[in-house]
Amino acid sequence: MGGAAAVVPRVAFAQKPIPRVGFLVAGDPEPAWSLFKKAMTGLGYIEGRTVAYEYRSADGDGSQLDRLAAELVRLKVDAIVPILSPAIVAARKATSTLPIVFFGAAPDIGGVDNVARPEGNLTGVFSPSSTLAGKGVQLFRAIKPTPAFGAIVNAQDPFHVPLLRDIQAAATAEKIDLVSALVESRNTLAGTFERMAEKKVSGVIVQPSLGLVACAEIALKLRLPAISFRREFADAGGLYSYGADPAEIQRLVAAAVDKVLKGAKPASLPVQQVTRMELIVNQRTAKALGLTLPPMFLAQADEVIE
Amino acid sequence: MKRGLFFKYVMAFVGLVTLVLVINAALDLSFVYQDNRRASIDVQREKAEAASQKVESFVREIEHQIGWVAYPQWAALPVEQRRFEYVRLQRQVPAITELTQLDRNGHEQLKVSRLSMDVVGSDIDRSAEPAFTEAIANKVYFGPVYYRKESEPYLSMAVAHGGRTGGVTVAEINLKLILDVITQIKVGKDGYAYVVDSQGRLIAHPDISLVLRGTDMNRLAQVAQARASEASTQQVAQARDLSGRDVLSAHAEIPALKWIVFVELPSNEVLQPVINSGLRDLALLALGLLIAGAAAAWLARRMLVPIRALQAGAQRIGDGDLGHRISIKSGDELEALADQFNRSAGALQESYETLEQRVDDRTAELRESLDQQTATADILHVISSSPTDVQPVLNAVVKAAVRFCGATDAVILMRQAEEWSGVAHEGPLVSAIGTAFPLNRETAPGRSMVDRQTVHYPDIRSLDAVEHASERAHAERMSFNAVLCAPLLRDGTAIGAIALRRREAGAFTPRQIELLESFAAQAVIAIQNVRLFTELRESLEQQTATGEILEVISQSPTDVAPVLTAVAKAAVRFCGAEDAVIAIRYGDFWGAVAHEGPLTALPPEARLPITRETAPGRAMADGVTAHLPDIEALDPVEFAAAHRMGKEMGFRAALGAPMMREGVAIGAIALRRPEPGPFTARQIELLEAFAAQAVIAIENVRLFTEIQEKSRQLEIASQHKSQFLANMSHELRTPLNAILGYTEMMVDGLYGSLPEKASTTLERVQSNGKHLLGLINDVLDLAKIEAGQLVLAVEPYVVGDMVTTVLSATESLARTKGIGLSATVAPGLPSGTGDARRLTQVLLNLVGNAIKFTDKGSVEVRAAQAGDTFELSVVDTGFGIAPEDQKKIFEEFQQVDNTSTRKKGGTGLGLSISRKIVELHGGAITVESEIGKGSTFKVTIPVHVAAAKEAAQ
């Protein structure tokens with residue numbers, strides 16, 4: 001007779017390959033890239049051990065995006081995270097099967113038909129940037145008289161169409177003349193700003209996919225008050241930014257990626273709208289431009305860079 | 001060892017202990033479960049209550065914050081300050097996305113939004129909205145939950161400012177921010193809380209995706225139940241969550257918002273302590289079993305040692321070790337049992353030894369029998385594969401006989417009449433294949449065939465020297481000393497024998513004898529088979545020959561020559577002859593009409609008298625088959641002609657079969673052969689069959705020719721008759737017309753007035769003349785039709801007119817007889833095309849007949865259309881026509897033959913003419929009638945008849 005002790009079977013679990021996430025960014029890679037990794041770490045992922053990243057940045061050169069997206073698809077990553085509309089479009093073109101978790105204006109450019117129940121392989125996070133643009137322009141009027149205002153948008157980014165439309169609507173409501181300029185490639189960026197400066201506009205609003213850091217620096221050099229949607233713009237010398245909190249954006253993106261890596265279908269994850277909007281003001285730039293910011297305006301600011 | 005005593009003892013012991021422990025454990029678990037559940041339910045209740053308070057306080061806090069701007073004088077502040085305060089409020093309360101100020105009249109004064117542009121003084125009238133009216137009435141208003149972009153859950157909250165000028169502040173609250181509140185609520189390890197609105201839609205849930213998708217929670221039983229029950233008391237229920245897990249669910253309502261907060265804990269979490277307790281009990285059970293098992297084993301072992309010894313001993317004996325003896329000295333029943341075993345083993349050992357010998361013997365027998373069966377099967381195989389040739393089978397049989405019957409040698413002998421000879425042989429001894437021996441009882445094969453019994457001579461030298469002289473001589477010559485011989489019997493007749501021979505003297509065993517007899521039977525089957533097959537083939541060939549000749553007969557009905565040639569050819573082919581001649585009788589002579597073969601034949605024009613000197617002549621003269629096997633051996637006088645022709649044409653044997661028709665020979669068919677010798681019975685039979693077929697062919701041709709000639713003659717006669725009738729009627733009509741013409745003139749008084757008597761006579765002459773003319777006209781018409789001279793004059797006609805004409809012509813006749821006459825013509829009939837005069841004649845004939853054969857009642861004419869045809873019916877209430885007469889009445893010169901019709905007169909041609917006219921139109925005429933009830937004649941004619949239709953003959 002054998003022993004009575006029951007033996008617990010030891011099952012050897014096969015080492016599963018660690019999931020890989022492709023990060024595809026149009027416009028400024030930072031702080032999005034760092035914030036995303038930080039959010040993933042917050043969810044318990046450890047780079048190199050429980051998750052691997054494939055980072056691809058077009059560095060403001062939109063023509064590279066298709067190639068980079070195709071590369072990620074070839075690598076068969078478990079999720080692609082495109083940041084901003086040109087990257088979303090490139091990822092959409094490259095695959096209709098690999099899960100895509102985006103940040104950008106996909107609902108505004110027709111990438112997602114039903115926000116609550118997205119179809120296909122696409123879900124993500126968006127901020128209502130085109131309506132926020134109107135709010136941004138309205139805020140600008142509190143700073144200085146604005147008979148004319150400029151909008152510099154990215155011709156390679158399909159989002160420039162709804163964006164210009166909403167800016168135009170805001171300008172009309174506020175009785176401002178809108179001067180718009182399309183940037184065809186990044187070589188013409190500086191030239192476009194220079195021509196805009198010659199048109200005597202009081203200020204200019206800049207589309208993020210043009211590269212916010214470069215735009216902020218050019219505008220500051222031309223002493224052109226410039227605004228945009230993301231904190232990094234104000235950090236880089238833009239006058240102010242009004243828009244979604246980048247950290248919250250990446251937290252939401254990372255949460256969706258987490259669910260996808262755990263097997264959820266993108267179609268089962270509603271596209272989320274960012275909740276927190278922030279106004280970041282660069283007081284130094286204001287001073288350099290000789291602008292005095294009124295207390296009412298400052299009272300609305302979430303952060304003032306001194 | 002199967003389930004032995006040991007096992008049973010231990011099981012009984014262990015079972016008892018297990019039962020006690022299990023009952024104990026079950027009671028324990030039950031109490032633990034009850035306690036635990038009660039505790040969990042209490043906790044759940046509290047949690048639900050706390051959660052609802054937290055959610056409510058989240059909303060109340062927002063209300064409280066809005067309260068800071070909601071004072072009566074606020075509306076009077078400058079717009080910039082109001083805007084500033086709204087902005088500040090939004091910064092303090094992140095959930096507020098939009099703030100709107102409505103003035104005392106409900107008009108929008110200011111709107112500050114995080115997401116869109118601020119609007120100042122739009123003055124939009126919102127006084128009808130519940131946010132305004134309810135807030136004014138109740139100070140605070142909470143709207144229903146709604147979804148922005150169909151995804152983000154929002155709540156409108158309105159707070160009245162109070163006072164006469166106060167107005168209302170409306171805040172749009174993003175409910176996503178309750179998420180923080182909800183996720184903070186911890187219930188157990190995996191428990192969670194969620195909130196649904198009054199419609200059952202999800203407002204807040206730790207999984208934000210469910211909220212954004214607007215999940216309808218009503219499908220969960222606990223939600224539906226909570227919404228249905230009016231009371232806000234918290235109930236705890238066993239339920240399932242969205243993913244189907246069992247949960248313990250509790251809820252609490254927030255009355256102000258009509259929201260329900262649910263707190264749920266997975267049931268397995270509640271059960272965890274129960275599971276732990278269960279594991280403890282299980283361990284106790286295992287321990288108890290171990291102890292019980294050990295105790296049972298010790299007790300059982302003491303009982304079991306002698307039983308095991310007994311069993312082991314029995315097993316060894318059972319395994320065949322019959323010499324083994326069991327030794328138990330326990331002094332009880334077990335020892336007695338062991339002794340009993342030992343005695344049984346001894347007895348078994350004894351009987352076993354004899355059994356072995358018997359099995360060996362039987363095995364040898366079986367092997368032998370198997371070999372023999374194999375041999376039999378081999379022979380049957382050879383039989384089936386050789387249906388036409390018996391020799392291979394006989395060879396196989398002798399081979400098998402040598403092999404299985406322990407003989408030196410085997411021979412098969414076949415009988416031919418009163419002799420026999422060897423046909424198959426196997427073995428080293430000299431055999432007499434081909435030599436014929438007389439059939440008598442002196443030899444073993446002869447004796448077996450004569451006696452139809454197996455003959456067995458174990459030692460030939462010891463046989464009687466006189467009686468078996470031949471056999472002894474054979475044995476001496478061929479050096480064998482023992483013989484066994486079995487006859488081949490078919491239907492009780494010996495057709496041969498099979499013999500086994502052996503050099504050494506000695507008896508064959510009964511088995512060998514039996515086997516030889518079975519080989520004999522198989523040889524008979526094989527021979528039988530071949531015979532049947534050959535017969536079948538011959539019969540088939542004969543049928544083929546007959547078939548071929550019949551085909552030639554059917555193809556050649558008028559000419560006899562090809563048939564006879566075919567018969568001659570077939571005779572050569574199937575009778576196995578070289579040469580065949582067919583002779584035909586011409587009065588007292590005969591001549592050759594067909595010949596097949598290499599010998600010279602009579603030239604076709606040659607004629608020989610029918611005498612008994614030749615085979616054909618003799619056959620024709622006697623009417624029986626004449627068989628001349630050797631002509632030269634025959635009497636040279638009686639068969640002079642045969643001798644002469646045989647020499648001239650080179651044949652020595654001849655066979656002649658007569659061709660008989662009605663007892664008379666009309667010819668003969670003869671076979672000839674250059675060598676002498678008899679023709680076989682089969683050849684004779686076949687030749688007679690061919691003779692019969694030749695007769696049929698000749699007869700056929702004769703009949704055919706006769707019929708053809710007769711029909712030609714009939715046709716000519718018929719034409720002559722028609723021509724005669726046509727001419728005759730014409731010749732009759734001419735003078736009759738003159739008679740009628742003159743009579744009419746006289747009646748009309750052209751030749752002066754006549755006395756009354758003469759006038760009456762003339763009228764009779766006139767009426768009879770008219771009748772005669774009618775008859776002649778009928779005959780003429782019929783003759784014309786018969787002679788093929790009647791041609792239809794096709795023209796358009798109207799059926800109604802035709803009927804009217806007929807009615808007016810027959811009206812007086814009907815009136816005279818006192819019967820009704822009417823017509824029914826269907827309205828809208830189209831006009832037809834056809835020979836109107838002839839059709840009128842048909843109708844007139846029918847109506848005339850009807851009146852003629854009707855004594856009371858009425859006659860009716862009906863005309864109607866059916867598709868492409870007109871249907872004209874004449875219906876009377878006359879005598880009627882018997883069914884057997886209904887066909888005849890349309891034939892020439894036929895009337896229904898009875899007294900009543902005969903007195904009505906007529907030629908009997910009317911209906912016949914009518915039928916022909918109607919048929920010329922491509923129509924038909926039919927009658928339906930019943931004796932005593934009347935008749936209906938129906939004419940069917942096509943509405944349009946093709947023009948100029950020839951009278952076909």
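1. Conventions. Residues are numbered from 1 along each chain as its sequence is written, and chains are lettered from A, with ligands numbered from 1, in the order in which they are written. Because the model is predicted, local features need pLDDT of at least 70 and side-chain atom pairs count only at pLDDT 80 or more, while totals for chains, interfaces and linings use all residues.

2. Chain A overall. Chain A has 11 helices and 13 strands. Helices (H or I, at least four residues) and strands (E, at least two) are DSSP runs, numbered from the N terminus. Of the 306 residues in chain A, 51% are buried. Buried stands for 20 or more other C-beta atoms within 10 Å of the residue's own, exposed for 12 or fewer, and partly exposed for the range in between, with C-beta atoms placed from the backbone. Among contacts in chain A with a separation of 6 or more, 65% join residues 24 or more positions apart. A contact requires two C-beta atoms, placed from the backbone, within 7 Å.

3. The sheet of chain A. Two strands pair if DSSP finds at least two bridges between them. The partner of β11(A) is β5 (residues 122-126) of chain A, joined to β11(A) in the parallel sense by 2 bridges. One bridge pairs A:V125 with A:Q272 of β11(A).

4. Strand β3 of chain A. Why is β3(A) described as largely enclosed by the rest of the structure? The reason is that 5 of the 5 residues of β3(A) are buried. In a regular strand the side chains alternate between the two faces of the sheet. In β3(A), A:A79, A:V81 and A:I83 lie on one side and A:I80 and A:P82 on the other, and all are buried. β1(A) is joined to β3(A) by 5 bridges in parallel, with A:L24 bridged to A:P82. β3(A) also pairs with β4(A), in the parallel sense over 2 bridges, and A:I80 stands opposite A:I100 there. From β3(A) the chain passes through α3(A) to β4(A) in a right-handed β-α-β crossover. Right-handed here means that, with the strands pointing away from the viewer, the path from the first strand over the helix to the second runs clockwise.

5. Strand β11 of chain B. Of the 8 residues in β11 (residues 259-266) of chain B, 7 are buried. β7 (residues 192-196) of chain B pairs with β11(B) in the antiparallel sense over 5 bridges, with B:V195 opposite B:V261. β10 (residues 246-254) of chain B also runs antiparallel to β11(B), over 8 bridges, and B:A250 has B:V263 as its bridge partner. β10(B) and β11(B) form a hairpin with 4 residues between them, and B:K258 in the turn has a positive phi of about 60 degrees.

6. Where the chains meet. In the contact between the chains, 23 residues of chain B meet 22 residues of chain A. On the chain B side, α2 (79-92), α5 (208-212) and α7 (267-318) each supply at least two residues. The largest share, 4 residues, comes from α2(B).

7. Residue B:P94. B:P94 is in the loop between α2 and β1 (96-102) of chain B. B:P94 counts as partly exposed because it has 14 C-beta neighbours inside 10 Å. Leaving aside neighbours within four places in sequence, B:P94 is in contact with A:R276 and B:L177.
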